[in-house]
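Subject: Structure for you to look at

Hello,

Here is the structure I said I would pass on. Please open it first and keep it beside you while you read the notes below.

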Amino acid sequence: VEHLSWRWVFLINLPLGGAAWLAAWAWMRLPAPGDRTSLDLSASALLAVAAGCLLLGCQWGGHRYAWSAWQVLVLGAGAAAAAVAFVARQLRATEPLFPVRVIAMHNVRAIALLQLLAGIGMTGGAVYTTIELQLVHGISPASTGVRLLPMAAGLAAGALVGRRLLARLETLTRAIALGSLLSATAFGALATIGGDASYPLLALLLGLMGAGIGVGIGTEVIALQRTVPAAHLGIATAGVRFVETLGGALAAAALGVLFAGRMHGSGEAAAAAAIKPVFGICAGVMALAAAVATVMPLRA
């Protein structure tokens with residue numbers, strides 16, 4: 001961004017993706033599936049329409065249009081109608097995209113909800129800590145990336161801790177609940193101190209936030225794969241990852257609307273005041289994740 005242009009945020013993925021493709025083509029050897037299956041294109045289209053309308057509604061509502069504007073209302077109705085049609089399709093399809101028997105599994109429901117909340121928390125933490133560093137503290141883009149390393153280190157450390165607990169799902173569940181509370185506390189501190197935080201304190205809070213989220217987001221999918229029947233492994237994994245990605249996208253859109261709406265004026269003080277409620281909401285989301293982990297513990 002500093003030395004080339006903002007477009008390289010996206011263009012950098014072309015050589016990286018190409019290298020990954022070459023590695024997969026050269027070295028990955030997977031067994032051929034025994035049975036051929038058909039792709040439910042109509043269900044895929046309905047799911048894409050539901051997600052797209054929901055994301056656009058959250059992005060435009062309160063920002064480009066009023067929440068009561070017909071454009072936002074139409075998007076909301078479209079999301080609801082597509083979602084209902086998608087569920088109806090799943091109930092009668094021969095090879096549904098997300099079989100009801102998979103969604104009915106306790107661990108699938110619990111982990112999908114936890115991943116949704118973790119996706120919101122992780123996006124809120126990464127995106128709006130970046131905004132705070134640049135707008136409030138005046139840090140350059142490259143220096144901002146370096147200063148986010150404590151969060152990345154925390155995510156890695158939390159994932160390592162979680163993997164050590166995979167053998168006992170009851171212990172892992174308690175660790176996820178405690179980790180979520182730890183992240184909620186870090187977000188709450190950020191919402192309280194805002195732009196007055198020194199970088200050492202901010203680095204500590206970022207590390208705690210990342211560690212709390214990492215315990216769950218790095219291990220819940222592995223726990224799911226160990227408990228779901230092999231026949232449904234791909235469907236369950238893809239479904240949970242989709243929910244996590246959707247949570248992150250919704251967080252980026254909805255929190256962006258909140259931040260823009262609270263941004264009165266310009267300058268460091270205005271940005272610091274606008275970002276506090278964003279961190280407050282993230283704190284509530286991670287506290288909810290701790291409650292979900294407690295109420296819906298993972299089962300072996």
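Trp-6 and Phe-10 are both exposed; a residue is called exposed at over 50% relative accessible area, buried at under 20% and partly exposed in between, with a 1.4 Å probe and protein chains only. The model is a predicted one, in which local features need pLDDT of at least 70 and side-chain atom pairs count only at pLDDT 80 or more, while totals for chains, interfaces and linings use all residues. Residues are numbered from 1 along each chain as its sequence is written, and side-chain values use heavy atoms, with hydrogens and water left out.

Aromatic rings

Rings of Phe, Tyr and Trp (its six-membered ring) are paired if their centres lie within 6.5 Å; planes under 30 degrees apart are stacked, over 60 edge-to-face, and the rest tilted. Counted this way, there are 6 aromatic pairs. One of them joins Trp-6 and Phe-10, edge-to-face, with 6.4 Å from centre to centre and 90° between the planes.

A ring can also have a charge over it, when NZ of Lys or CZ of Arg is within 6 Å of the ring centre and within 35 degrees of the ring normal. Arg-147 is placed like this over the face of Tyr-199, 4.9 Å from the ring centre.

The chain as a whole

Helices (H or I, at least four residues) and strands (E, at least two) are DSSP runs, numbered from the N terminus. The chain has 13 helices and 0 strands. Helix H6, residues 106-136, contains 31 residues. From first C-alpha to last, H6 reaches 43 Å, close to the expected 45 Å, where the expected span is 1.5 Å times one less than the number of residues. Gly-138 follows H6 and has a positive phi, near 70°.

Along the principal axes, the C-alpha trace spans about 60 × 50 × 45 Å. Of the 300 residues, 40% are buried.

Contact means heavy atoms within 4.5 Å. Among contacts between residues at least 6 apart in sequence, 78% join residues at least 24 apart.

Gln-90 belongs to helix H4 (residues 70-92) and is buried, at 6% relative accessible area. Beyond residues up to four places away in sequence, Gln-90 touches Asp-40, Ala-43, Pro-96, Leu-97 and Phe-98.

Phe-98 sits in the loop between H4 and helix H5 (100-103). What makes Phe-98 count as buried? Its relative accessible area is 17%, and the cut-off is under 20%. Apart from neighbours within four places in sequence, Phe-98 contacts Leu-47, Phe-86, Gln-90, Ile-103, Ile-235 and Gly-239. Between the C-alpha atoms of Phe-98 and Ala-175, which are 77 residues apart along the chain, the separation is 29 Å.

Cys-282 is in helix H13 (residues 268-295), and its relative accessibility is 0%, so it counts as buried. With neighbours within four places in sequence set aside, Cys-282 contacts Gly-124, Phe-187 and Leu-255. Its C-alpha atom is 24 Å from that of Val-72, 210 residues away along the chain.

Regards
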